[in-house]
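Hi,

Here is the structure I promised to pass on. Have a look at it, and then read my notes below.

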Amino acid sequence: MAQKPKVDPHVGRLGYLQALVTEFQETESQDAKEQVLANLANFAYDPSNYQYLRQLQVLDLFLDSLSEENETLVEFAIGGLCNLCSDRANKEHILQTGGVPLIINCLSSPNEETVLSAVTTIMYLSSPGSGSHPELTAMPVVQCMLRFSLSANARLRNLAQIFLEDFCSPSQLAEARSWRAHSALGIPLPRTEAPQQP
């Protein structure tokens, strides 16, 4: 298990977050990277950290981590983005720096938590009835959501149904259902973890 970064308690929140970012960038250990990214994603829950996380370019760190082969890093990165994108400034940064295709790619992850966070992030980034970022409701995304809406996983099914109802027009849904070449058919549904036995 990775050591916690050695931080002077008087440095405060910004200093602690800076130490985490530095550790992430400098460590060679995959376990340490995972732990640090998980910590940063947890800090992203708190709106009082948004300014610091923007200042330290943690949004870009999360976006860059979406391209990693390590599924755990991708899971924590999309979780962090999901936590951050309810804020307008964070949302704009993600939209303007080309984050949407990276987030959409997470829909094909075999990791259930990654897919759930990706769907939620896409919903946060979308504005109902807004055509400002049509890639968020592009046909492959709508088809993917239609497929997820049939999932045995209740969380995924419910999120997909909310997306389809709130962010897609009836004409988009009709077109997605009528397409013969379903581009989303090759996207596997995420693995569902077996329930833990008590």
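A residue counts as buried when its relative accessible area is under 20% (exposed is over 50%, partly exposed in between, with a 1.4 Å probe and protein chains only). This is a predicted model, where local features need pLDDT of at least 70, side-chain atom pairs count only at pLDDT 80 or more, and totals for chains, interfaces and linings use all residues. Residues are numbered from 1 along each chain as its sequence is written, and side-chain values use heavy atoms, leaving out hydrogens and water.

Six of the eight residues in H4 are buried: Val58, Leu59, Leu61, Phe62, Leu63 and Ser65. Among the elements covering them are H1, H2 and H5, with contact meaning heavy atoms within 4.5 Å.

Now for H2 (residues 30–43) and H5 (residues 71–84). Their axes (lines fitted to C-alpha atoms over the stretch in contact, with angles from 0 to 180 degrees between N-to-C directions) are 8 Å apart, at an angle of about 15°. H2 and H5 are therefore roughly parallel (angles under 35 degrees). Leu37 and Ala41 are among the H2 residues in this contact, and Phe76 and Gly80 are among those from H5.

H2 also packs with H1 (residues 12–26): the axes come within 9 Å and cross at roughly 150°. Leu37 turns up here too, among the H2 residues that meet H1 residues including Tyr16 and Phe24.

Cheers

Definitions and conventions: Helices (H or I, at least four residues) and strands (E, at least two) are DSSP runs, numbered from the N terminus. Angles under 35 degrees count as roughly parallel, over 145 as roughly antiparallel, 65 to 115 as roughly perpendicular and the rest as oblique.
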